[in-house]
Amino acid sequence: MLITRKSQERGHVNHGWLDSYHSFSFGGYYDPAHMGVSVLRVINEDRVSPSGGFAPHDHQDMEIISYVLEGSLRHKDSMGNSSVIRPGEIQRMSAGTGVTHSEFNASDSEPVHFLQIWIQPDVTGIAPSYEQTLFPEAEKRGRLRLVASPDGEAGSVTIHQNARLYCALVDGNEVDTHSTKAGLHYYAQVAAGTVSINGVALQAGDGATITAEPEIRLSNGHGAEVLLFELP
């Protein structure tokens, strides 16, 4: 069974420099029916104007993943990290005991479009840490590629939670399936394009909670970019 969360049903704020859609309750948007799925707490789809961004601010005890779809995102933090994140790259920041960071559009002429993802960790009070990895398009073409896991499996970034994040690019006749495991929770987010998940047509911005399905099948994609969360 798929319980869909359509793009237009999400929370929405527009601050001029930031246009953001919230899959789950966040900031001034509160919906008790949509507080997250298991340990997945936030999926924000953000578009930031040229040179705009999030000024230095603090986080603690949260696994934060940035996934850039278009443009480039400049990151700086109190651990001394300074980098630019581009499409195909995954940034993971474990806030731990506390970290201050900023995220700005690295371009003064083009917007940046990215997903901000928060996962609650299974351990608190750890030293903050940072990781950034490129996953080539070929590794995600027509298949779900593991990009985040608790043990860094297959070169994925390491998160402090028994959760896994997969990403796939699906077009035309490309099909991929993922066998589900008993006792785990699954959530899919369509980041771009259109795709069918277990026969249900979804488009960019749509999400779906997937339950009581032996497998998750991606098909009929058109420029689709899909994130699949496997959660405790």
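Visitor: Is R92 buried or exposed?
Guide: R92 counts as buried because its relative accessibility is 6%. Buried means under 20% relative accessible area, exposed means over 50%, and partly exposed lies in between, with a 1.4 Å probe and protein chains only. Please note that this is a predicted model, in which local features need pLDDT of at least 70 and side-chain atom pairs count only at pLDDT 80 or more, while totals for chains, interfaces and linings use all residues. Residues are numbered from 1 along each chain as its sequence is written, and side-chain values use heavy atoms, with hydrogens and water left out.

Visitor: Which residue forms a salt bridge with R92?
Guide: That residue is E131, and the closest N and O atoms of the pair are 2.8 Å apart. A salt bridge is a side-chain nitrogen of Lys or Arg within 4 Å of a carboxyl oxygen of Asp or Glu. E131 belongs to strand β12 (residues 129-134) and R92 to strand β9 (residues 89-94), so the pair ties together parts that are 39 residues apart in sequence. Helices (H or I, at least four residues) and strands (E, at least two) are DSSP runs, numbered from the N terminus.

Visitor: Why can such side chains pair at all?
Guide: Side chains of opposite charge can do so when their charged atoms come close.

Visitor: How many salt bridges does the structure hold?
Guide: It holds eight. Among the residues involved, E137, R141, D171 and E174 are linked in a network. R141 meets E137 at 3.2 Å, N to O, and R141 also forms a salt bridge with E174, where the closest N and O atoms are 3.3 Å apart. E174 lies in the loop between β15 (164-172) and β16 (176-179), and R141 in the loop between α1 (137-140) and β13 (145-149), so this pair ties together parts that are 33 residues apart in sequence.

Visitor: New topic: in what order do the strands of the open sheet come?
Guide: Seven strands form it, in the order β2-β3-β4-β11-β6-β9-β12, with antiparallel pairing. The edge strands are β2 (11-14) and β12, each of which pairs on one side only. Two strands pair if DSSP finds at least two bridges between them.

Visitor: How many bridges join β3 to β4?
Guide: Five bridges join these antiparallel strands. L18 stands opposite V48 in β4.

Visitor: Where is S20 found, and what does its side chain contact?
Guide: S20 is in strand β3 (residues 18-22), and it counts as buried because its relative accessibility is 1%. Its side chain makes a polar contact with the side chain of H22 at 3.4 Å. A polar contact is a pair of N or O atoms within 3.5 Å; within protein, one must be able to donate a hydrogen and the other to accept it, and residues adjacent in sequence count only if both atoms are side-chain atoms.

Visitor: And where does S25 lie?
Guide: S25 lies in the loop between β3 and β4 (40-48). S25 is buried, with a relative accessible area of 3%. A polar atom of the S25 side chain lies 2.7 Å from the backbone nitrogen of D31.
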